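Hello,

Here is the structure I promised to pass on to you.

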Amino acid sequence: MNPTTPLGTQLGQPNTTAIIFFLLFVGITLAITYWAARKTKTTSEFFAAGGGVSAAQNGFALAGDFMSAASFLGIAGLVALSGFDGLIYSVGWLVGWPVVTFLIAEPLRNLGKYTFADVVAYRLKQTPVRLSAAFGTLAVVSFYLIAQMVGAGNLIHLLFGLSYETAVVIVGAVMILYVLFGGMIATTWVQIVKAVLLLAGATALALAVLYKFGFSPVALFNEAATQYGAETLAPGKLVSSPLEAISLGLALMFGTAGLPHILMRFYTVPDAKAARSSVFYATGLIGYFYLVTFILGFGASVLVGRAAITGVDKGGNMAAPMLAEVVGGTGFLGFISAVAFATILAVVAGLTLSGAAALSHDLWSTVVRKGKAPESEQLKVARIASLALGILAIILGVIFKGQNVAFMVGLAFAIAASGNFPALLLSMAWKNFTTRGAVACMLTGTFTAVVLIFLSPTVQVDLLHNAAAPFPLKNPGIITIPLAFVVGVVVSLLFPEREAAERFAEVRHRMHVGAPTPSLPAPEAPVSTPPAVVRPSKA
Amino acid sequence: MQANSREEALEALAASRWRVAAALTVAMLVAYLGFILLVAFNKPLMGQQITPGLSIGILLGVLVILAAWVLTGLYILWANGKYDRALHQYRDGK
């Protein structure tokens, strides 16, 4: 497809180094999976690695879950082609993490077991809340998964010269092996190995670039400004209207705090303190990674050249691999390509596991079996769900071949920010939150996000080639996030639920002090509330 | 009586955590939205170079990323120190 040889790059050719590095990664991670499989006997081990992951390990794993190939290759490409604008994305994707630390990590760890629905449903009626939460989770996971799989197919096609379908099947099959047999223990270690490789690879590449500029990023930026004009260092077309910018910003900021595969990671650490520290590590690693990616983007535009980058891929996604080839030869290109491949595998595995948790823990064990399913049955359902989601991911990846699915990442963040985050926060912070309020909040957020994105210019103009879109904003966050909060509050006030308000004292106790023993959360039979706090509900 | 004061202690603990969390969240929001609004409203200012190669926009973007670290660090300092001490006291009072 691409005239690679005239452009003087080995991209798109079967690259021996890349294949060796990739096989090495898959070999090591499958060995980890084999080891993890023997330790994965309970649902707690399958979904939460038995709570035995340290804060630093979880920090790397969180970073691994978040640093997708799209953010590595995509942001580097965006910076390479348009300079400063790439930084806007980096900043947007990072600022959600402090919010996760401040608002979510500790209460979530103390209140839940495997999914964020544990927290929302804690003092509310299990069935309706679990159904709505699982709906939101599966929506986020599906859209994110489709975006990753389609991206994976394209990238691997460009990097290795494999056919699109082969790439999708390899990613899907290896990911199924990780999740099916190794559960959260294997997935965590795959994330850690991947995060270390990605950070090391990006750092080495950035150092190789900076070496040519006397280790001064400013000299590099200046060279870019000399070659492409001073506007490279100034905001370009990315942010056109302030409203658009704020809307995207809110979705990115609060979306992180509603991504099911990120939230699920907080159950893998032993306590709230470790949950808190793990986000601190993750914030540091991800921030560092984005700063390095910024250097890589400018490095690529100066050392590779914009024309050469767009010659291989119009979107600029190959900027970082091409830069690797220019500064380090075919071997380095192979290494970076293998890391990008591994990155996709790891992110997809994390997503699948969180989808499986929603299907098995929220829907099957709690809704269908009313908490009466024995451990072995829960584990079996979890494995079937993982397998089914893995196969579904492969099928969706093939179906969406050649489609522009970039909007799906935005959609996943918008649903996470409006469907999941408001209900999660209200359930932890507001005494008078009720079952009906929670259901209304989650469904409103999820549906309005989906509908408004469908009516937005992203889908109507870019995808369907209509002249105009009924809804002017590309991202609906500024409307849907406040709307979900308002609906949640109003419906709760209209239909007060005494029991939910009475049990808030128990929620507050557990949220701050933690569980007495690492036992079951959200018990069907409420733990007796201390008498002093049974006050008449004010609502 | 005993139960009442314990309940009040927990309420105070919870209130202090939400207060700190809300203040830091607002700080992050202000830093980030400030950056985005400057990008949207004042592109020429963001493009101005402090020294050749370093525009105000790049500097502010990097500062927002650093602010994310600093704010998270401040929270960890507070939580690992004051908050955890209060929490231990509450637990021991059991």
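What follows is a short tour of the two chains, how they meet, and a few residues to look at.

First, some ground rules. This is a predicted model, in which local features need pLDDT of at least 70 and side-chain atom pairs count only at pLDDT 80 or more, while totals for chains, interfaces and linings use all residues. Residues are numbered from 1 along each chain as its sequence is written, chains are lettered from A and ligands numbered from 1 in the order in which they are written, and side-chain values use heavy atoms, with hydrogens and water left out.

**Chain A**

Chain A has 22 helices and zero strands; helices (H or I, at least four residues) and strands (E, at least two) are DSSP runs, numbered from the N terminus. Its radius of gyration is 23 Å, close to the 24 Å that the globule rule gives for 539 residues, so chain A is as compact as a globular protein of that length. The radius is taken over C-alpha atoms, and the rule is 2.2 Å times the number of residues to the power 0.38. The C-alpha trace of chain A spans about 75 × 50 × 45 Å along its principal axes.

Of the 539 residues in chain A, 62% are buried (buried means under 20% relative accessible area, exposed over 50%, partly exposed in between, with a 1.4 Å probe and protein chains only). Among the contacts in chain A with a separation of 6 or more, 84% come from residues 24 or more positions apart; contact means heavy atoms within 4.5 Å.

**Chain B**

Chain B holds three helices and two strands, in the order α-α-β-β-α along the sequence. Its radius of gyration is 20 Å, whereas a compact globule of 94 residues would have one near 12 Å. The C-alpha trace of chain B spans about 65 × 20 × 10 Å along its principal axes. Buried residues account for 44% of the 94 residues in chain B. For contacts in chain B with a separation of 6 or more, the share from residues 24 or more positions apart is 58%.

**Where the chains meet**

How many residues of chain A are in contact with chain B? There are 54, and they touch 51 residues of chain B. F102(A), R276(A) and H512(A) supply 16% of the area that chain A buries against chain B, more than any other three residues. Together the two chains bury about 4700 Å², with 75% of it on carbon and sulfur atoms. Buried area here is the accessible area (1.4 Å probe) that two parts lose on being put together, summed over both.

Leaving out residues up to four places away in sequence, R17(B) touches F102(A), L103(A), E106(A), P107(A) and H512(A) in chain A, and Y75(B), W78(B) and Y83(B) in chain B.

**Inside chain A**

M408(A) is found in helix α17 (residues 406-429) and is buried at 5% relative accessible area. Not counting residues up to four places away in sequence, M408(A) touches F143(A), I146(A), A147(A) and F400(A).

A484(A), in helix α20, is buried with a relative accessible area of 0%. Apart from neighbours within four places in sequence, A484(A) is in contact with S418(A), P422(A), C441(A) and G445(A). The C-alpha atoms of A484(A) and G445(A) are separated by 4.9 Å, although the two residues are 39 apart along the chain.

**Two backbone angles to check**

Most residues other than glycine have a negative phi. A49(A) is not a glycine, yet has a positive phi of about 50 degrees. A49(A) sits in the loop between α2 (43-48) and α3 (55-66). H465(A), also a residue other than glycine, has a positive phi near 60 degrees and lies in the loop between α19 (457-463) and α20 (477-494). Which of the two is buried and which is exposed? A49(A) is buried, at 12% relative accessible area, whereas H465(A) counts as exposed at 65%.
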